[in-house]
Amino acid sequence: MATEVVKIVDPDNGSGTDYTSLSAWEAGQQQDLVTNDRIAVAKCRCTGGTADTTAVTISGWTTDLTHYIKIWTDPAEGYRHEGKWQTGNKYRISIDDDAGIILEEFDIRLDGLQVEITNVENSGRTAIRNWADSWPSTGETYITNCIVKGVTDTKDYNHEGIGLYDASSTGGSGVKFFIANCVAYNFRSIEPWQWAAGFDHDCESGSSSAYFYNCTAHNCDHGFIGTNTKVTNCIANDCTSGKDFYLYAGSWISGSGYNATDLSDANSGAPGSNNRYEQTFSFVDADNGDFHLQASDTGAKGYGLNLYNDSYYAFQNDIDGQDRGGSGAQWDIGADECVVSLPPQLLTPQRSVQHMLVR
Amino acid sequence: MAQILVMARDNTHADPDTDRRGCYKRGYPVVVMPDTHTWGREEGLPTFVVIKIPGVPVEKVRKYIEPQLEDTTDERGRYQIYRRRLWQFRLDDLPAAARNKLARDGELTIGVGDYTGDYDYTWTQVRSYLRKLKTGTDETENL
């Protein structure tokens, strides 16, 4: 069993801080995790309200499925966002005209992070990306409970929230990306570019796969771009200059579906079945990055597929850690599960039964 | 008002291509921070040293933490990283007194312009030990 080596990253250098930027952590901890039999963990804090403003590239490591890199905020410590974009003492990476997190390793877990691009003057300004030119035969990357925020009216057609670009002839089918409970918004470019996207997994010649589960894309050119990608329980809203769901090449992975969009069937490109078209979503405050569903929502609430026992990536909570209701519940679509704190007798009949039987 | 955190050791990878593209080497600038920044407990010797340049804005030295990119784009117009850093402090070529101070204190203070506080060397003395790896030429510009 590999040993977890946990280091504290805090831009404010609070008590117990090992590194004051994620970039310095990466430089200081870069190693052969397999030989050293380790899991490298960066636990991120923000004790004084300062953002981490240095772009970080994760590269030059040796990893495998059980010797991986984990970068996260521990929800028990209070420095993780609460399911919406937050400043104050919530850890965040804030980057001016650069990419936020560049992944060139393939056994990585990012959990509970916020990454924003505040200005775009050049191309390739992604919040989180893996565009490595050499891909392995196996690897598992998990990006969960993360919020990525871009800017609109850029000339960067590569401006993306989470961008995965498999152009390698060496990328094997064992390379998988699991993206769950994430929000991407404001990734837009102007004409004639308009290829900015919230979530993108392109395979030019590789055979990797990606799974976008319960993600929300808002105000992007494209919501979700995919090749050999499964998209389930995802919301694409106000992604009108491109398609909400765009098949880049090949095909979507079988089983995609249960997505929701404000566009019509013909224009949305939503893959699979049980999708919901021309929906109006009731977010708490979309203009300010809060994509929690209101209790009154009729576009996404209660229309998702239960992924509690999913064969690819099973999970049970939403972006802010709330239980989605167990194996028998009807999930909501999108990153948030609207959990109403009412006694069972006041819930809708459907929710009431779920509450009594499942919880 | 800048400080540069500089790698003091070589990280290595068995694959030469990955080693060049991904691994930090001794003398590579890692991050830049303002004068007021305080470093974490692992941001010092033996892994790092700090080059302090009081009074110089962070924006002026940010270029030293850029990677060296490929000369040409890939088929989608994207530049891949060729080397982890474009610039490298030639720490081992510094004068003996500077090397000794870095080994002992883990930091060096550089005087620039009308800075009147204590310093170890001037920028003019030190900049020729900062090499642009793509061209093999040393820095000649003022801060």
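Two residues are in contact if their C-beta atoms, placed from the backbone, lie within 7 Å. The model described here is a predicted one. In that sense of the word, and leaving aside its neighbours within four places in sequence, A:Cys182 is in contact with A:Ile143, A:Asn145, A:Cys146, A:Ile162, A:Cys215 and A:Ala335.

**The two chains**

The table sets out the two chains side by side.

| Chain | Secondary structure | Extent along the principal axes (C-alpha atoms) | Buried residues |
|---|---|---|---|
| Chain A | 4 helices and 24 strands | about 55 × 45 × 35 Å | 58% of 359 residues |
| Chain B | 4 helices and 10 strands | roughly 50 × 30 × 25 Å | 31% of 143 residues |

Among the contacts in chain A with a separation of 6 or more, 67% join residues 24 or more positions apart. In chain B, residues 24 or more positions apart account for 62% of the contacts with a separation of 6 or more.

**Parallel sheets of chain A**

In which order do the strands of the open sheet that contains E3 and E21 of chain A stand? The order is E3-E6-E9-E12-E15-E18-E21, a sheet of 7 strands with parallel pairing. Its edges are formed by strand E3 (56-58) and strand E21 (245-247) of chain A, each of which pairs on one side only. From one strand to the next, the twist averages 15 degrees. At the E21 end, strand E18 (residues 222-226) of chain A pairs with E21(A) in the parallel sense over 3 bridges. Within this pairing, A:Ile225 has A:Tyr246 of E21(A) as its bridge partner.

An open sheet of 7 strands is also formed in chain A in the order E5-E8-E11-E14-E17-E20-E22, with parallel pairing. Strand E5 (93-96) and strand E22 (260-261) of chain A stand at its edges with a single partner strand each, so one side of each has no neighbour in the sheet. E5(A) pairs in the parallel sense with strand E8 (residues 114-119) of chain A over 4 bridges. There, A:Val115 in E8(A) is the bridge partner of A:Ile93.

**The nonpolar core**

In soluble globular proteins, nonpolar side chains tend to be buried together. In this model the largest nonpolar core has 126 residues. The residues with the most contacts inside this core are A:Ile162, A:Ile179, A:Cys182, A:Ala184, A:Phe212, B:Val6 and B:Val30. A:Cys182 is the residue whose contacts were listed at the outset, A:Ile162 among them.

**The contact between the chains**

How many residues does each chain bring to the contact? Chain B contributes 26 residues and chain A contributes 24 residues. On the side of chain B that touches chain A, strand E1 (2-7), helix H1 (16-22) and strand E2 (29-34) of chain B each supply at least two residues. H1(B) gives the most to that side, with 4 residues. By type, the residues of the side of chain B that touches chain A divide into 8 nonpolar, 10 polar and 8 charged.

**Local backbone features**

B:Leu45 and B:Pro46 are joined by a cis peptide bond, with omega about 5 degrees. B:Pro46 lies in the loop between E2 and strand E3 (48-53) of chain B.

In chain A, A:Asn181 has a positive phi of about 55 degrees although it is not a glycine. A:Asn181 is placed in the loop between strand E13 (174-180) and strand E14 (183-185) of chain A. Is A:Asn181 buried or exposed? A:Asn181 is buried, since 28 other C-beta atoms lie within 10 Å.

A:Asn219, a residue other than glycine, has a positive phi near 55 degrees. Its loop runs between strand E17 (216-218) and E18 of chain A. A:Asn219 counts as buried because it has 20 C-beta neighbours inside 10 Å, and 20 or more is what a buried residue requires.

Definitions and conventions. Residues numbered from 1 in each chain as written. Chains lettered and ligands numbered in written order. Predicted model: local features only at pLDDT ≥ 70, side-chain atom pairs only at ≥ 80, totals over all residues. Nonpolar A, V, L, I, M, F, W, Y, C, P; charged D, E, K, R; others polar. Buried ≥ 20, exposed ≤ 12 C-beta atoms within 10 Å, placed from the backbone. Core = buried A, V, L, I, M, F, W, Y, C linked by C-beta atoms within 7 Å. Pairing = 2+ DSSP bridges. Axes fitted to C-alpha atoms, helices over the stretch in contact; angles between N-to-C directions.
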